[in-house]
2 protein chains.
Amino acid sequence: MDMGRLGLREMKKQMTRKTIADAALQLTEEKGLDDVTIDDIAREAFVSPRTFSNYFASKEEAVLGAFNLGVDQVLDDFSSRRPEGPPLQTLCELMYDYARENPTQLRQAAQVTALELKNPSLRKFRVEREVEMIGQLSYRLGECTGTDANTDLYPSLVAAAAISAVSASLAIWSLRGLPDEDLPGLIQDAFNMVSDGYPTQRRTRPTRPLRNPSDPPQDLGIAADRP
Amino acid sequence: MDMGRLGLREMKKQMTRKTIADAALQLTEEKGLDDVTIDDIAREAFVSPRTFSNYFASKEEAVLGAFNLGVDQVLDDFSSRRPEGPPLQTLCELMYDYARENPTQLRQAAQVTALELKNPSLRKFRVEREVEMIGQLSYRLGECTGTDANTDLYPSLVAAAAISAVSASLAIWSLRGLPDEDLPGLIQDAFNMVSDGYPTQRRTRPTRPLRNPSDPPQDLGIAADRP
DNA sequence: CATCTGTTTGCATGGTCTGCAAGTTTGCAT
DNA sequence: ATGCAAACTTGCAGACCATGCAAACAGATG
């Protein structure tokens with residue numbers, strides 16, 4: 001039997017996980033993470049403190065668990081693609097599409113930035129996740145470009161550049177107050193800047209318009225093949 | 001009075017700090033950080049556990065404290081410079097010079113990578129430091145290029161690119177076994193790759209020779225002004 | 001020397017993490 | 001349905017960690 005794709009057991013587990021994560025997030029927003037104990041979170045989520053530890057290794061992981069960044073999914077998409085064209089361009093397209101199609105998750109991701117301002121202990125954990133992503137992406141880039149991520153600079157640098165592009169876009173978007181529909185444009189700008197070699201002092205397109213005909217974002221990647 | 005630039009009190013403090021950090025490092029290499037307690041480190045350093053906590057907030061900080069990366073110094077140098085030329089080129093020059101002049105400290109920095117393989121809990125703390133550096137650098141870049149790091153992508157992206165270049169160089173250098181005199185070349189390669197927009201599949205120059213006349217590293221930054 | 005300040009230390013407290021064993025729920029096959 | 005096995009929850013215990021406080025101590029200063 002298939003039990004609707006997922007056994008009752010697994011369903012409950014996912015639900016418990018989400019309940020705990022949400023409780024952690026809510027309490028953190030209320031009182032600040034430093035004034036929240038694992039016992040508080042467990043009580044709020046109707047589980048024992050011991051069970052909390054079965055799901056998350058720390059308060060911080062729980063809070064971050066409330067955000068399903070979904071970027072992993074993009075990385076999976078990238079991994080399953082046939083290598084064609086400059087990796088940065090592919091990644092930009094994937095991220096751009098993802099940002100347009102999943103505004104909610106991206107909005108959540110950007111909220112982490114705000115949380116971090118009031119709860120600095122979260123930072124370690126978020127950036128560790130980012131570095132983890134860079135590692136995976138770097139490995140995959142090595143595979144599909146025929147370079148060795150352990151020997152060659154190329155995969156690590158490209159991976160780091162791509163993740164920074166997204167990360168920086170989210171940060172700025174957050175500081176701008178999360179204006180609707182702005183993020184995909186920011187992401188494209190970031191990738192363009194990266195693959196153009198960081199042209200000096202070119203300013204980021206202001207909040208609006210999203211599309212500026214005189215500065216077409218489609219020029220992406222052309223710089224990536226120049227010797 | 002000046003007491004030879006530094007009072008006895010301050011001298012002792014620095015010495016205690018270093019003693020603790022060294023003890024932390026040694027024990028970590030012996031037994032692995034997970035099997036080392038703060039009490040162990042304190043005993044090894046002839047201080048009370050309470051004093052350990054006066055100096056470091058955690059075991060991990062203590063271990064990292066044994067490495068004086070000195071990159072902060074480079075950032076200070078950068079901050080005190082008159083803005084001229086593309087920032088990435090300036091940063092490359094500074095880092096290149098620093099790498100040539102301070103092989104010991106760079107070697108130490110690269111050793112952190114090795115430590116991380118056996119002690120994953122260190123990672124969080126190291127990358128947090130890196131992100132901290134990106135933040136500072138980004139702020140300074142905003143200042144000296146007339147852009148706002150809170151609004152504009154440019155400063156954050158350049159800062160992230162520069163730090164990744166160094167970080168990736170160190171990682172690969174470490175994996176290659178820290179061959180003498182290789183690092184400055186790697187750093188230049190990394191910065192070149194960054195400021196050329198990550199040309200696809202260009203392979204990193206092999207371990208030797210350090211200087212390859214047919215691939216002059218002096219072409220740095222020329223891509224940074226192309227519109 | 002006398003005093004003032006900053007450091008070390010022990011102690012106490014509250015919080016976190018992990019293993020273990022007992023009890024409960026779910027999955028699955030009969 | 002019934003029963004068994006695997007997985008999950010929970011309480012408890014033990015080790016570790018972080019921090020405030022106050023007393024003792026040592027360097028600085030005049």
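B:L6 is found in the segment before helix 1 (8-31) of chain B; helices are DSSP runs of H or I with at least four residues, strands are E runs of at least two, and both are numbered from the N terminus. The model is predicted, so local features need pLDDT of at least 70 and side-chain atom pairs pLDDT 80 or more, while totals for chains, interfaces and linings use all residues. Side-chain values use heavy atoms, without hydrogens and water, residues are numbered from 1 along each chain as its sequence is written, and chains are lettered from A and ligands numbered from 1 in the order written.

B:L6 counts as partly exposed because its relative accessibility is 38%; buried means under 20%, exposed over 50%, and partly exposed in between (1.4 Å probe, protein chains only). Together with B:L8 and B:M11, B:L6 forms a nonpolar surface patch of about 290 Å² accessible area. Areas follow the Shrake-Rupley method with a 1.4 Å probe, and only the protein chains shown count as cover for residues. Nonpolar side chains (Val, Leu, Ile, Met, Phe, Trp, Tyr) are joined within 5 Å, like charges within 9 Å.

Chain A has 10 helices and 0 strands. Of its 227 residues, 50% are buried. A:D97 lies in helix 6 (residues 87-101) of chain A. With a relative accessible area of 37%, A:D97 is partly exposed. A:E84, A:E93, A:D97 and A:E101 gather in a surface patch of negative charge. Asp and Glu count as negative, Lys and Arg as positive; His and chain ends are not counted. Charges are placed at CG of Asp, CD of Glu, NZ of Lys and CZ of Arg.

Note on methods: Patch = residues over 30% accessible without salt bridge, like charges linked within 9 Å, V, L, I, M, F, W, Y side chains within 5 Å. Salt bridge = Lys/Arg side-chain N within 4 Å of Asp/Glu carboxyl O.
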